[in-house]
Amino acid sequence: MNMLENIRPYISKGIPEMHILPLDPLTVPSVTLKQDSSGSVNFVALFTDLMGYGVKNFQINRINISFKNQSLEVDINLPLFRIESRYEINGKILVLPIKGNGKFVGNFTNTEAKIKFDLKIVKKKNQKNFLDIQQNKINLKIGAVKLHFSNLFNGNKQLGDQTNRFINNNWKDLMVEIRPLLEDTVSSIILGFIKPVFETLSVDDVFPV
C-alpha cells in the first residue's frame with residue numbers, strides 16, 4: 001500500500017524537471033474511440049483537449065507485486081472521476097443515431113479498476129534498479145455514469161436532450177458493448193502516464209525498506 005502512497009504526492013504537481021506530467025488534472029490531447037461492429041453500437045468519436053479530474057483521490061483496495069513473476073497487480077477505486085473535453089461523434093448508440101460536435105462532460109462514480117502490469121527490472125548506470133513496464137491490462141467496473149454531449153444534431157435541443165437522456169438511462173447496456181474498447185483506451189492512457197514515473201523513481205524509491 002505504501003508504494004502508491006509514495007507516488008501520490010507527485011500526482012497533482014508532477015515532476016517537471018523529470019518530464020513527469022501532473023495526473024490531476026490529467027490532460028490528454030486527443031482520444032479516438034472507434035466501435036466498428038455489426039451490433040447495436042457502431043460509432044467513431046474523437047475527444048480533444050481532454051481534462052480528467054479526481055485521480056488524486058484514488059483509494060487502494062489491494063496491491064500485489066511479485067519480482068519473481070515480474071508483475072504488479074493493483075486494485076484501485078476512484079470515488080468520482082470527471083472528464084471535460086471537446087468532441088466529434090457520428091454513428092449509432094444502441095438503436096439511436098448520434099451525430100454532433102461540441103463540449104462533452106462525463107461523471108463516473110465509484111469506478112473500480114483492476115490493473116495488472118508486466119514488469120522488467122532494469123539496472124541503470126547509477127547501479128539502481130528500475131521497473132520497466134512492458135504492458136498492462138485493466139478491468140473496469142463503474143458504479144454510475146452521467147454523460148452530456150452539447151450541440152448534438154447541429155444544436156437541435158429536442159433531439160439532443162432526447163439522445164442524452166437515452167444514453168444516461170441505458171448507460172449500463174452501452175458500457176457492456178464498448179467495454180473492451182474502453183478498457184484498451186484507458187490502458188494505453190495509464191501506460192503513457194505511469195511509465196515515466198517508474199523510469200524516474202527507482203525500486204528503492206517506490207518500495208522503501
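1. Phe149 is buried, at 7% relative accessibility. Buried here means under 20% relative accessible area, exposed over 50%, partly exposed in between, with a 1.4 Å probe and protein chains only. The model is predicted: local features need pLDDT of at least 70, side-chain atom pairs count only at pLDDT 80 or more, and totals for chains, interfaces and linings use all residues. Residues are numbered from 1 along each chain as its sequence is written, and side-chain values use heavy atoms, without hydrogens and water.

2. Phe104 and Phe149 make a tilted aromatic pair, 4.9 Å centre to centre with 45° between the planes. Rings of Phe, Tyr and Trp (its six-membered ring) pair if their centres lie within 6.5 Å; planes under 30 degrees apart are stacked, over 60 edge-to-face, the rest tilted. Phe104 sits in strand β5 (residues 96-123) and Phe149 in strand β6, 45 residues apart. Strands are DSSP runs of E, at least two residues, numbered from the N terminus. Phe104 is also buried, at 6%.

3. There are three aromatic pairs by this rule. Tyr87 and Phe149 form an edge-to-face one: 5.1 Å between centres, 80° between planes. Tyr87 is in strand β4 and Phe149 in strand β6 (residues 129-149), so this pair ties together parts 62 residues apart in sequence. Tyr87 is buried, with a relative accessible area of 2%.

4. Phe47, Tyr87, Phe104 and Phe149 are linked by ring pairs into a cluster.

5. Strand β4 (residues 71-93) also holds Asp75. Asp75 counts as buried, at 10% relative accessibility. Beyond neighbours within four places in sequence, Asp75 has contacts (heavy atoms within 4.5 Å) that include Arg62 and Lys114.

Conventions: Helices (H or I, at least four residues) and strands (E, at least two) are DSSP runs, numbered from the N terminus.
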